[in-house]
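Thank you for asking me to look over this model. My comments follow as numbered points, to be read beside the sequence and the coordinates.

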Amino acid sequence: MSLQVQNANNVKIYTVSGSKGSRSIPDWLARRNKKALKNDLEWRHRIELIQDFEFPEASLKIRTTRDGKYVMATGVYKPHMRVYEYSEMSMKFDRHTDAENVDFQILSDDWTKTVHLQADRSVEFQAQGGVHFKTKIPKFGRSLTYHYPSCDLLVTASSNEIYRINLEQGRFLNSLVTDVDPAGGNGVNCGEINPAHMLYGCGTDAGTVEFWDLRVRGRVGILAPSLPENVLSSSLSISSMKFRDDGLTMAVGTSTGHVLMYDLRSNVPLYVKDHQYGFPIKSLTFHEGTQGDDGRSKVVSADCKIIKIWDRENGNNFTSIEPVNDINDVCVVDDSGLMFVANEGIQMQSYYIPSLGPAPKWCSFLDNLTEELEENPVQNIYDDYKFVSRKELASLGLDHLVGSAVLKPYMHGFFIDLRLYEKAKAIANPFAYTDYREREAKEKLAKESGSRIRATMKLPKVNKQLATKMMLDEAKARRKAAAAGDDTSAAPAEGGALKDSRFSDLFTNPDFQVDEGANEYKLLNPVQSTKKPSYRIVDEDEIEEVSDVSQSDGSDVDSDEDLVRVSTYKSGGRDKKKSEQITSIRSGIKDRKRIPKMEALKQQASNSSAPVLKSQAQRSFAERVAKDRNSANTISRSSAGGMEMSFKIGGGRGGKSGRGAKSSSSSSRRGESGGGGGGGGPQRRDRRSAGRNTIRNL
């Protein structure tokens, strides 16, 4: 068993019967399709607080007896009345009538004596055995009111007269004549007896409320309700009214959908409540004994679309109920949170609101049932469905299902099964989940970065790049000092030269703007991060070959200046891998030819008689010394395109060093002048260069 739950304004409303007002299966169809109904989820989860709490077409009026044991309702079609007994939770009997019911009143404490106003101008008195007496009134009636002290039955009709039938004498008495103009079918719409001092009030089509003292059969006052300026007063009429038990408070409902709360001692309303629909107010009820922290009484007002429950003292909204079908009448069970609603559907609806009051004694199990539901919440009726518009349906390629049982029309679109929707969406957009994951990751990163405390750098208008570099250097120096644990006073102060008055013109006067395009600036800053480098980074297994243009030039450099080993960091996800790469910083060479290492080794092997196992740049100093012990001083080209010097360990210090084809004559002249045991400046520099190159390779 499950209950449909609404949560309007954080107030739980349980539908204990009539969750589907138009849903009803006849007995003969239920017996024939008994097996099929087992698979009907809606039929299996139905709730019937009172058995057969319905009418064939619609219910019109509903009342409870004063002894709290029965509930009586009227409906169509055919017109009849039904009485339900609480103790049995089922229908006690039903009785057909000759005409449709307009209003009825229960005269006794139980169901045995009732009077019914019918649509054919007749007034029927029903007793325990059936119709006791029947009479007619001159005009079509609109409401019934019974005055207990005088046994007068007051009937309002489409006339300016209020008909009086004395039940003790059994005859009509003189009517009460109101100020309503009977032309055009105007009359008196409703009437009500004040339970405290038996003052009779009636609402008219003229938009006035007249008060009568039935002891003297005279009118004691007229009230003309006033509405906001945007509401046309010419169309105003009183559709319902209700007195509170305190004898001073009165609620008046209008045909424009407004409820006015009055104190009988004043002709100015305390406040005006608007239903926002513009339909006449059909029912008004003062509900006492509300549970909760405030404990204040509530007002239950209803038009044909919505039931609103609000605070009597200040008019604040408490909650609201919007049934599926149009509302005809509302009856609240005394001192409880149970509410019966007569509507245009087959089933009469029952709502239980624990915040209004406890469940009645005859259905006290509702309290336990709702407590279990709060512990184990039930899914809403549309939790397994997805609402889609026609445009979205066409994008999913499901527009051919329009008109089938798969799609349930609702408003401007359709309800579709959630599983079918997810499958169709996955087919139409297979990368939706990947996009969703990326979007979620970006939102998470943005959220985390937004919570960080960011330092704002106020840059000057002049020399912004210089100021940025100085500020970053100062921040880096402060972080190093803080990490080393040094005295922070020794670290550079925040702002530094930017706040020094001696350098203020450097960042304010445009004449001191640094020209980055000037030759002097380029000489002082040969490497700039904003410009692309003049060299290319290659992997270790690749060797750069000098282009044909550079070879024709004949410009060569030493191997220690030509090959530089640098470390680059490549980011892969969050980790950074360190790899060594060989770069060439030969200036003036733009187009370079990259060949594989194996091909370079083959070319070198073709030029050399000895087999080459390692490139010259990869050999260690010890390997090169061991190789050159048995060889004379020679000059050979390195694997990277430069010149390489080899020498003997035991030879003289006057060895020659080749510097390339272009400078061979000059280098030989330097060797002749320096031969013997002289100063040996060039030889010493060459030996130092070879050692530095070896250390760099290591």
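**Notes on the predicted model**

1. Strands here are DSSP runs of E with at least two residues, helices are runs of H or I with at least four, and both are numbered from the N terminus.

2. Before going further, please bear in mind that this is a predicted model, in which local features need pLDDT of at least 70 and side-chain atom pairs count only at pLDDT 80 or more, while totals for chains, interfaces and linings use all residues. Residues are numbered from 1 along each chain as its sequence is written, and side-chain values use heavy atoms, with hydrogens and water left out.

3. As for the chain as a whole, there are 16 helices and 39 strands, and buried residues make up 40% of its 698 residues. Of the contacts (heavy atoms within 4.5 Å) with a separation of 6 or more, 47% come from residues 24 or more positions apart.

4. Strand β4 belongs to an open sheet of four strands in the order β3-β4-β5-β6, with antiparallel pairing, two strands being paired if DSSP finds at least two bridges between them. Its edge strands are β3 and β6 (90–96), each of which pairs on one side only, and the twist averages 20° from one strand to the next, as an angle on a scale from 0 to 180 degrees between N-to-C directions of lines fitted to C-alpha atoms, for helices over the stretch in contact.

5. Within that sheet, β3 and β4 (residues 70–76) pair in the antiparallel sense over six bridges; in β4, K61 has T74 as its bridge partner and R63 has M72. The hairpin of β3 and β4 has five residues between the strands, and G68 takes a positive phi near 70° there. On to the next strand, β4 and β5 (residues 80–85) pair antiparallel over six bridges, with T74 opposite M81, and this hairpin has three residues between its strands.

6. P56 is found in the loop between α3 (41–44) and β3, and touches V76, Y77, H80, R82 and I346, leaving aside residues up to four places away in sequence. The C-alpha atoms of P56 and V76 are separated by 6.5 Å, although the two residues are 20 apart along the chain.

7. A second open sheet of four strands has the order β11-β12-β13-β14, again with antiparallel pairing. The edge strands are β11 (141–147) and β14 (171–177), each pairing on one side only, and neighbouring strands are turned by 25° against each other on average, direction ignored. Six bridges join β11 to β12 (residues 152–157), and H147 stands opposite D152. Five bridges join β13 (residues 161–166) to β14, with N166 opposite R171; these two strands form a hairpin with four residues between them, and G170 in the turn has a positive phi of about 75°.

8. Which strands each supply at least two residues of the lining of the largest pocket? They are β3, β7 (101–106), β11, β15 (188–193), β19 (238–243), β23 (283–287) and β27 (327–332). The lining comprises 50 residues, of which R63, Q105, E192, K242 and L284 lie nearest the centre of the pocket. A pocket is an open set of points on a 1 Å grid over the protein atoms alone, where a 1.4 Å probe fits, with protein on both sides within 12 Å along at least five of seven lines, and lining residues have an atom within 4 Å of a point.

9. Finally, L227 lies in the loop between β18 (218–223) and β19, and is buried, with a relative accessible area of 19%. Not counting residues up to four places away in sequence, L227 touches L236, T256, H258, L260 and V272.

Note on methods
Buried means under 20% relative accessible area, exposed over 50%, partly exposed in between (1.4 Å probe, protein chains only).
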